[in-house]
Amino acid sequence: MSGSPLPPASAQVTAGSTPAQALHEPVLHWYDANARVLPWREPGAGAWAVMVSEFMLQQTPVNRVLPAYQVWLERWPKPVDLAAEPPGEAVRAWDRLGYPRRALRLHAAAQAIVERHGGEVPDDHNALLALPGVGTYTAAAIASFAFGQRHVVVDTNVRRVLARALTGVAQPTISPTAADQRLAVTALPADEPTAARWAVASMELGALVCTARTPRCGDCPIRSRCAWVLAGSPPYDGPPRRGQTYEGTDRQVRGRLLAVLRATTGAVPKKTLDACWHDKAQRERALDGLVADGLVEPLPRARYRLPS
DNA sequence: GATGCGTGGCA
DNA sequence: TTGCCAAGCAT
């Protein structure tokens, strides 16, 4: 870098002194008026409710999560309640949210919380990160949303908001990068309560206004400051974004097999599973994969069930 | 770092 | 109709 001196720290933290900091007030104000009412955001929801919602929301839209979330929290209001059940019950209750390994990990996380943290969801970021199924995003989200701590909470929504508002491009990179984290750090408010509000507000803006396909820029509180809008909203010009094929994949076969097992209490003959898919080799591979993942338990006499 | 992992709604 | 997309994680 050049030899130009940095401004004094006092100037750096002055509100609105950088493009990123200038976003805080309008986004927070917008959130106060436009936040969705969601059960895990209710005042008394608690950290377990936040944690369950975060697991379910990994790659699954809010509207599809809501019913399963309500059933889950009524049945297992505390981690110890879930930990006492067989993992197969978590897989069954996961219903059709997709990516059922998340159900297994949430169950394992509940057991770890009982064993290591006295049944209470830990408030420490590193302790959260050590739980099964909790990565960088989820640990920061729980610490921020449930405990009001100051963390960069970077999900696909936040990456998109910052890419547009600060970098001036239509879409963020396909995969999360260290640069995303660094950019988010520059946009993180200095004080803890404001940082926690910013985390949820910037995500909500990405979910409701700054959407991937048809952003509602006319409703956006930061459109006058958005680098992408100010550049004339240039179209995405990066590498093609890989579409996920589904028809005919092992994923589809796994989904069919598990759907049968979810709908059945007790053992299912292999013959019943065989009717799920015509291609024997693929069928066997999918079933073996489910067993290897711990989602299905093989029994004597060619029978299968959800894990006990 | 690339890949595998479900399911369904929508432009 | 059919790609694209949805609060990621583990390997």
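**Exercise 1. Find the helix that holds Ser53, and work out whether Ser53 is buried or exposed.**

Step 1. Look up the element: Ser53 sits in helix α3; helices here are DSSP runs of H or I with at least four residues, strands are E runs of at least two, and both are numbered from the N terminus.

Step 2. Check the accessibility. Ser53 has a relative accessible area of 0%, so it counts as buried (buried is under 20%, exposed over 50%, partly exposed in between, with a 1.4 Å probe and protein chains only).

Step 3. List the neighbours. Leaving out residues up to four places away in sequence, Ser53 touches Trp40 and Tyr69 (contact means heavy atoms within 4.5 Å).

A quick note before going on: this is a predicted model, where local features need pLDDT of at least 70, side-chain atom pairs count only at pLDDT 80 or more, and totals for chains, interfaces and linings use all residues. Residues are numbered from 1 along each chain as its sequence is written, chains are lettered from A and ligands numbered from 1 in the order in which they are written, and side-chain values use heavy atoms, with hydrogens and water left out.

**Exercise 2. Work out how many residues of helix α9 are buried, and what they pack against.**

Step 1. Name some of them: Tyr137, Ile142 and Ser144 are among the buried residues.

Step 2. Find the partners. Those buried residues pack against α3 (46-56), α8 (125-129) and α12 (192-208).

**Exercise 3. Describe the contact between domain 1 and domain 2 in chain A.**

Step 1. Count the residues in contact: domain 1 puts in 8 and domain 2 puts in 12.

Step 2. Look for a salt bridge (a side-chain nitrogen of Lys or Arg within 4 Å of a carboxyl oxygen of Asp or Glu). There is 1 between the domains, and the side chains of Asp293 and Arg101 meet in a salt bridge at 3.6 Å, N to O.

Step 3. See which elements contribute. On the domain 1 side, α6 (87-93) and α7 (101-117) each give two or more residues.

**Exercise 4. Say where Tyr99 and Arg301 lie, and how accessible each one is.**

Step 1. Tyr99 is in the loop between α6 and α7, and is partly exposed at 40% relative accessible area. Tyr99 isn't a glycine, yet has a positive phi of about 45°.

Step 2. Arg301 is in the loop between β2 (297-299) and β3 (303-305), and is exposed at 71%. Arg301 isn't a glycine either, and has a positive phi of about 65°.

Terms used
Domain bounds come from an automatic or database domain assignment.
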